[in-house]
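Dear colleague,

I am passing on the structure we spoke about, and I would be glad if you could look through it with the notes that follow it.

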Amino acid sequence: MKPELIHQIDPLRAAVAGRRARGLTIGLVPTMGALHAGHGRLIELARRECGAVVVSIFVNPIQFNQAEDFERYPRTLQADLDYCGRLGVDLVFAPDEREMYPGPLRTFVNIEHLTDHLCGAFRPGHFRGVATVVTKLFMIVQPDRAYFGRKDAQQLAVIRRMVADLNIPVEIVAVPTVREPDGLALSSRNARLSAEEREAATVLYRGLEAARQAWARGLRDADQLKQIAREIFATRSEVRIEYLEVVDAEMQPVAMVSGPALLAVAAWVGTTRLIDNMPLEP
Ligand code: AMP
């Protein structure tokens with residue numbers, strides 16, 4: 001069955017309120033569309049855990065720090081609707097820019113410290129845009145639970161912290177990264193890769209996994225772990241590393257791994273920027 005497609009805030013609120021009045025719990029899966037099996041995993045979990053599932057599809061301009069990246073971002077609403085229908089989504093909320101930002105925005109949500117490194121350092125304003133739009137979506141939908149992928153690990157950490165710091169009554173559910181059979185993390189941006197770039201991009205997973213294995217064998221020195229990954233990345237000249245870091249749960253770089261940590265990478269493959277990460281935890 002096709003989900004109900006709603007473009008405006010008021011009717012979306014009414015549709016959600018009707019379901020809540022029937023005693024259903026509400027699950028929200030925020031996305032930028034061009035849905036793939038990674039998003040699918042979030043939706044399936046929401047479907048199992050909630051009485052009604054809302055998927056938002058909004059390519060959020062204020063989280064893009066490059067106009068070209070925003071313009072080139074894939075937009076596939078009809079296919080997304082079909083996919084949501086197959087997964088039993090109840091409501092798809094697909095507002096346009098004017099609905100979300102009717103005038104100049106003067107209020108932003110800023111998460112400090114957790115955004116100092118990784119993507120926060122290389123994409124100025126990105127997490128401010130993410131946190132602001134997610135807060136708006138939380139206020140519009142008022143979900144019981146919201147689902148986020150571990151593929152965007154810093155984003156997940158930022159949202160969790162925001163919800164804790166601001167007492168936002170939404171349970172955040174984290175979902176493991178879904179990968180292609182050769183290890184490449186699914187991403188809407190993968191569609192932009194040429195066949196050669198697509199093949200080269202597999203070094204990201206292979207490098208991270210090799211370092212994770214060294215960690216599992218007892219290696220704790222961050223520089224040495226990074227060196228193992230770097231050697232594998234370097235086998236493909238198409239891949240240019242933007243950052244490679246070992247960070248703790250607060251997204252701060254560490255020299256030695258002594259607790260839950262994350263090995264995180266961002267890389268340019270041709271003109272496409274990809275991110276991936278590997279948890280270093282038992
Ligand atoms: P996006 O549409 O890229 O903003 O992603 C929407 C949500 O899907 C975010 O919470 C992402 O972390 C999650 N997501 C994207 N790709 C994957 C993946 N390969 N595995 C798991 N979650 C993902």
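This is a predicted model: local features need pLDDT of at least 70, side-chain atom pairs count only at pLDDT 80 or more; totals for chains, interfaces and linings use all residues.

Residues are numbered from 1 along each chain as its sequence is written, and side-chain values use heavy atoms, with hydrogens and water left out.

The ligand is surrounded by 17 residues (a residue counts if one of its heavy atoms lies within 4 Å), and the closest are Met32, His39, Asp152, Val178 and Leu186. As for polar contacts (pairs of N or O atoms within 3.5 Å), a side-chain N or O atom of His39 is 2.8 Å from an oxygen atom of the ligand, and a backbone N or O atom of Gly149 lies 2.9 Å from a ligand oxygen atom. On the backbone of Val178, an N or O atom is 2.8 Å from a nitrogen atom of the ligand. Taken alone, the ligand exposes 480 Å², of which the protein buries 93% (Shrake-Rupley method, 1.4 Å probe).

Turning to the backbone, most residues other than glycine have a negative phi. Ala34, however, has a positive phi of about 50°, and this residue is buried, with a relative accessible area of 13% (buried means under 20%, exposed over 50%, and partly exposed in between, with a 1.4 Å probe and protein chains only). His113 also has a positive phi, of about 65°, and counts as partly exposed at 35% relative accessibility.

Methods. A polar contact is a pair of N or O atoms within 3.5 Å; within protein, one must be able to donate a hydrogen and the other to accept it, and residues adjacent in sequence count only if both atoms are side-chain atoms.
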